[in-house]
Amino acid sequence: MNTVKHFVSRWKTDHDFQTYIAATGSLAVTLIFALYNGFLGIHHASLWYGTICIYYILLSLLRGLIIAAAKKIAHRESKKSSRNLAALVISLFLLILNISLIVPISIMVRQQKPVSMTLIPAIAMAAYTTYKVTMASVKLRRRRATSDSLAWLLRTIGFIDALVSVLTLQNTLIMINSSGVNPGMMTLTAISSAVVWVATLLLSLHTIMKGFRRVRNGR
């Protein structure tokens with residue numbers, strides 16, 4: 001009973017604790033979503049969904065690394081400097097992962113669409129995207145309130161996850177409504193995809209720069 005009370009009390013007052021608990025749940029949800037994209041990739045012979053499946057799996061692994069690192073570092077005397085270093089290293093991997101997004105984006109822009117899809121995937125994607133964007137936006141605003149670099153990184157990854165889910169929804173809608181290569185649609189898709197991709201890269205670069213400053217200054 002005391003354990004439950006302690007958990008609830010900490011949940012109400014400790015935003016970083018909330019971030020780690022929520023990230024654990026997000027990890028599981030993202031893995032399920034990755035498998036769903038993998039299923040769509042196999043079922044519809046879609047290279048887009050296959051590559052996005054791999055992206056989400058790798059993003060989940062990064063989340064898992066952050067959670068594991070935070071747990072391992074928690075009892076160290078120099079835990080702040082250890083957290084900063086771990087956050088910086090993971091941020092570098094995050095940048096590489098987000099650069100690789102150019103592969104599925106290029107596939108989507110070229111509209112390599114093997115078959116038509118039903119509204120069910122679109123509804124599932126829309127619900128997931130709405131949830132992710134809403135939650136990630138709220139958490140991103142709390143980044144300045146924390147001195148925990150790993151919790152800060154988790155919130156950044158959550159927002160990047162939401163941005164990529166927008167791309168996934170966009171591609172699903174294209175697959176449902178497009179009957180072939182449409183020059184106008186290709187232009188619109190290229191612009192919107194470029195905006196999302198650049199946003200993920202800027203977030204990644206900002207995270208790395210902040211990570212270097214934290215490691216250098218010990219803050």
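**Group meeting: a chain of helices**

Buried means under 20% relative accessible area, exposed means over 50%, and partly exposed is in between, with a 1.4 Å probe and protein chains only. Ser193 sits in helix 8, residues 183–217. Which residues does Ser193 touch, not counting residues up to four places away in sequence? They are Ile105, Met108, Val109, Leu167 and Gln170. Contact here means heavy atoms within 4.5 Å.

A word on the source. This is a predicted model, where local features need pLDDT of at least 70 and side-chain atom pairs count only at pLDDT 80 or more, while totals for chains, interfaces and linings use all residues. Residues are numbered from 1 along each chain as its sequence is written, and side-chain values use heavy atoms, with hydrogens and water left out.

Now the whole chain. The protein chain has 8 helices and 0 strands. Along the sequence, the pattern reads α-α-α-α-α-α-α-α. Helices (H or I, at least four residues) and strands (E, at least two) are DSSP runs, numbered from the N terminus. The chain has 219 residues, and 46% of them are buried. Take the contacts with a separation of 6 or more: 83% of them join residues 24 or more positions apart. The chain exposes about 11600 Å², and carbon and sulfur atoms supply 70% of that. These areas come from the Shrake-Rupley method with a 1.4 Å probe; for residues, only the protein chains shown count as cover.

Next, a helix pair. Two packed helices are described by the angle between their axes and the distance between the axes. Helix 3 is residues 47–73, and helix 4 is residues 79–99. They pack at about 175 degrees, with axes 10 Å apart. Axes are lines fitted to C-alpha atoms, for helices over the stretch in contact, and angles run from 0 to 180 degrees between N-to-C directions. So helix 3 and helix 4 are roughly antiparallel to each other. The cut-offs: under 35 degrees is roughly parallel, over 145 roughly antiparallel, 65 to 115 roughly perpendicular, and the rest oblique. Helix 3 brings residues including Tyr55, Leu58 and Leu62 to the contact, and helix 4 brings residues including Ala86, Ile90 and Phe93.

Thr51 also lies in helix 3. Thr51 is buried, at 17% relative accessible area. Leaving aside neighbours within four places in sequence, Thr51 is in contact with Val103, Pro104 and Ile107.

On to aromatic rings. The whole structure holds 4 aromatic pairs. Rings of Phe, Tyr and Trp (its six-membered ring) pair if their centres lie within 6.5 Å; planes under 30 degrees apart are stacked, over 60 edge-to-face, and the rest tilted. One of the pairs is Phe33 with Tyr36: 6.4 Å centre to centre, 35 degrees between planes, tilted. Both lie in helix 2, residues 15–43, and they are 3 residues apart, about one turn of the helix. Is Phe33 buried or exposed? Phe33 is buried, at 7% relative accessible area. Tyr36 is partly exposed, at 24%. Then take Tyr55 and Tyr56: their ring centres are 6.0 Å apart and their planes at 75 degrees, so this pair is edge-to-face. Tyr55 and Tyr56 are both buried. Phe33, Tyr36, Tyr55 and Tyr56 form one aromatic cluster.

Last stop, helix 2 again. Phe17 is found there. Phe17 is buried, at 14% relative accessible area. Phe17 and Ala151 are 134 residues apart in sequence, yet 8.4 Å apart in space, C-alpha to C-alpha.
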